[in-house]
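Hello,

Here is the structure we discussed. My notes on its salt bridges follow below.

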Protein chains: 2
Amino acid sequence: MSITAANPIGIFDSGIGGLTVVKAVHASLPAEQIIYFGDTARVPYGSKSQFMIRKYAQDDTAVLMKYQPKMIIVACNTVSALAFDVVEETGKNIPVLGVLEAGAELAVRYTRNKRIGVIGTRATVASNAYPCAINRLDPDIEVCSSPCPLFVPLAEEGYTSHPAAEMIAEEYLRQLIDHGIDTLVLGCTHYPILKRLIGKIIGPDISIVDSAEAVARKTREMLGEQDLLNSTESTMKPHLLVSDLPQKFKSLCELFLGREVPDVELVEV
Amino acid sequence: MSITAANPIGIFDSGIGGLTVVKAVHASLPAEQIIYFGDTARVPYGSKSQFMIRKYAQDDTAVLMKYQPKMIIVACNTVSALAFDVVEETGKNIPVLGVLEAGAELAVRYTRNKRIGVIGTRATVASNAYPCAINRLDPDIEVCSSPCPLFVPLAEEGYTSHPAAEMIAEEYLRQLIDHGIDTLVLGCTHYPILKRLIGKIIGPDISIVDSAEAVARKTREMLGEQDLLNSTESTMKPHLLVSDLPQKFKSLCELFLGREVPDVELVEV
């Protein structure tokens, strides 16, 4: 079957953090049908092994492929960093956009002093994928990374302006600030929830790159190039698939999506 | 095949937190062969749905059953609370001991004023399983519970005496202290790592029930009753099975087991 503009955009993440990407893409391209899969049964990925992350990435892509997407967006930084090729392979000939690639591109555009900071999960930082992607675009840029493993639980627990969260954030970010970065990439879909707290610590002179917005921009560009932008005027509601419906699901969804939870379907992986 | 004293003791947990139980059982019964399974590929369970926790509990028990254990210990509080019957069913006629049951029993023995506090994951606390188990033993005891969702990530990140951890612990425990409890059950295998911090906040007048120790005591009792205690003099090394080997595995193992990592085998679930 051939792919047309009417086919949906598939987006996946390890959990529901990727809903920040759904929100940004939907705001930028309201006529596009978005199918989102969040692997809530196996979240988080960031603390697991590369082997397991690659296996999960394959499963996640397979879930989306059933909906014949015209493109796949990897909203998970960990998968973008460690298993992008697995998604491309499983997705056959469909274009794939990784949140990491989009974020790296925007950071390179933002920086003036060629010093970029990147924060993410342990797995993302250890993979060295952001420095590689940034240096592919500009080899003269110095990238300084710091893993912030407590940011995901703090964000999910709503500790967005708590003094304990501020204390932890200060420790995580100190080294990057001292390094003289002028741009900071939020290399995890959960981190935009802590954006205000992070901004307070790093101050107004360091630009923050929110990958969700970078992805939305790049998606429009990629679909436009391939003549796959949907031209209908109607607004499509995103369709949500998850592998588990935990107790906190509704409140987490609202936290990330910033509005009422859309239709949700439970799928097995 | 019939079960004899020579068969191993099977222990499982959602991740490697249950190694605190392995440590306590091994110290108490060094001649017993222990087979431990930690579901590190799908950890944590505490934030997931009851449906998924029950499915995982069945898988975990099935992994241990291949080793023909003479008893199964559920080191995971969340599984103890929400899927104990699934383990019993999957384990056929083998005796099953849950960390929750053992902890409840010890707490009832400790309390003088009949006010017990319980802390655990969201899923454990929401299940109401500790109050039920405690009130089955003594209906006059008042149980006050508080979920402490940030304790697991704080423990795993080694924030065992950090001021931010102290601030968060103070908030979690305040209500229990104000309630006048004289006994506090650490209803999650990770929490013993924060025992000193918790003790500092609740003060010396509140007794702490560490379920790992309670389990070790109860295991000896159960095996003794059934004439299944191993009488050999030799010390057996615990055998470790995991479903993933994440980057932090070695340091986490040492954190929980307090010594070098024993032989580890990777299994698929």
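Is Asp138(B) buried or exposed? Asp138(B) is buried, at a relative accessible area of 13% (buried means under 20%, exposed over 50%, partly exposed in between, with a 1.4 Å probe and protein chains only).

On conventions: this is a predicted model, where local features need pLDDT of at least 70, side-chain atom pairs count only at pLDDT 80 or more, and totals for chains, interfaces and linings use all residues. Residues are numbered from 1 along each chain as its sequence is written, chains are lettered from A and ligands numbered from 1 in the order in which they are written, and side-chain values use heavy atoms, with hydrogens and water left out.

Asp138(B) forms a salt bridge with Lys114(B), at 2.5 Å from N to O (a side-chain nitrogen of Lys or Arg within 4 Å of a carboxyl oxygen of Asp or Glu). Asp138(B) sits in the loop between α7 and β6 of chain B, and Lys114(B) in the loop between α5 and β5, 24 residues apart. Helices (H or I, at least four residues) and strands (E, at least two) are DSSP runs, numbered from the N terminus. Lys114(B) is partly exposed, at 36%.

A second pair is Asp59(B) and Arg42(B), with the closest N and O atoms 3.1 Å apart. Asp59(B) is in helix α2 and Arg42(B) in the loop between β2 and α2, so the bridge ties together parts 17 residues apart in sequence. Arg42(B) is buried at 6%, while Asp59(B) is partly exposed at 21%.

Over all chains, the count is 38 salt bridges.

Regards
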